[in-house]
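Biologist: I am new to this structure and would like to learn how to read it. Could we take it feature by feature?

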Amino acid sequence: MLELIFKLKILSNYHVSAGYGKGFRLDSALLTEDGKNGAPVIRGSTLAGLLLDSARRMLELPPLAKHHDKEKVLERIFGSPRQIKRWSISSAYPDEEFFEEKEIVQRVRIDPRTRRAEKHKLFSQEEGKAGQVFVFSATCLHNDPSVLDEAALITAVARFTRQLGRSRRRGLGECEIHLKDHTCEKFLLEHFKKAWLEDKKCTPVYTTERSIYPEIDYARFFHEKKLRFRLIIRLDEPLLIANRAM
């Protein structure tokens, strides 16, 4: 198993909608987590969609457009209706229970055709202030040779991502994402350069016997032993169960 821990720093105000308002003066509330003192949260599904969108855009760039199996790679990492995903993205929570204050701002819908404000389309939304740091993880339960290539791609895609949440095309939600372990990030970005940009066949980095990169502490995120857990969960939100991969 391979686990990557990321830190997501918000550089500007952002808005991730809870899907409901709070009375007359607030049309769109900021998503928060019940039981965590009202701290903001970014769902894993939101992060997975954001990283998938960034991966598609990044793989269209000239240095990476030469790869013909891009869709297969994305399906393998993020999943599709016909394939179960290999990587699981967790929800992101404030680092060390710290979070900035929120504020209510007034906005107006812009007509995409005229690029002007539409009449009678004023609304209010709750925004998280800049400076918040979130932590989330990306986990793969496999330990085959392709895992490292996928981890390198996910790390590069995270660095490529610059905005999240609503209205990110209009300047909201500016962010940067780094691995919490900077040494590991440096190594994975170097591996990304060799495996994806230079298309070199890299020697498997980790085996059960030894690591050929002793400066990297693989024991912190590689795990040989498979574990099985039974979870009993009480849900505060609807759960969709299907017979196919989501």
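Modeller: We can start with one side chain. D53 is partly exposed, because its relative accessible area is 26%. Keep in mind that this is a predicted model.

Biologist: Which residue does D53 meet in a salt bridge?

Modeller: The general idea comes before the case. Side chains of opposite charge can pair when their charged atoms come close. Here the side chain of D53 meets that of R57, with 3.3 Å from N to O. R57 is partly exposed too, at a relative accessible area of 40%. Both residues sit in helix α1, and they are 4 residues apart, so about one helical turn separates them.

Biologist: How many salt bridges does the structure hold?

Modeller: It holds 10. One of them joins K121 and E118, whose side chains meet at 2.9 Å, N to O. K121 is partly exposed at 35% relative accessible area, whereas E118 is buried at 19%. The cut-off for buried is under 20%, so E118 falls within it.

Biologist: Which residue forms a salt bridge with R86?

Modeller: That is D144, and the closest N and O atoms of the two are 3.1 Å apart. R86 lies in the loop between α2 and β2, while D144 lies in the loop between β6 and α3, so this pair ties together parts that are 58 residues apart in sequence. R86 counts as buried, with 15% relative accessibility, and D144 is partly exposed at 26%. R86 and D144 also belong to a network of salt bridges that links them with R76 and E150.

Biologist: What does F6 touch, leaving out residues up to four places away in sequence?

Modeller: Its contacts include F134, V135, F136 and A138, and also I154, A158, I177 and L179.

Biologist: Where are T32 and R25, and is each one buried or exposed?

Modeller: T32 is in the loop between β1 and α1, and R25 lies in the loop between β1 and α1 as well. T32 counts as buried at 18% relative accessibility, whereas R25 counts as exposed at 59%. Not counting residues up to four places away in sequence, T32 touches G38, A39, P40, V41 and K102. With neighbours within four places left aside, R25 is in contact with I104 and S124. R25 and S124 are 99 residues apart along the chain, yet their C-alpha atoms are separated by 7.0 Å.

Biologist: Last, the surface. Which residues form a nonpolar patch there?

Modeller: F229, L231, I233, L235, L239 and I241 form one, with about 760 Å² of accessible area together. F229 is found in the segment after α4 (182-197). At a relative accessible area of 66%, F229 is exposed.

How values were computed: Residues numbered from 1 in each chain as written. Predicted model: local features only at pLDDT ≥ 70, side-chain atom pairs only at ≥ 80, totals over all residues. Heavy atoms only, no water. Patch = residues over 30% accessible without salt bridge, like charges linked within 9 Å, V, L, I, M, F, W, Y side chains within 5 Å. Areas by Shrake-Rupley, 256 points an atom, 1.4 Å probe, with all protein chains shown as cover. Salt bridge = Lys/Arg side-chain N within 4 Å of Asp/Glu carboxyl O. Helix = DSSP H or I, 4+ residues; strand = E, 2+ residues; numbered from the N terminus. Buried < 20%, exposed > 50% of the residue type's maximum accessible area, 1.4 Å probe, protein only. Contact = heavy atoms within 4.5 Å.
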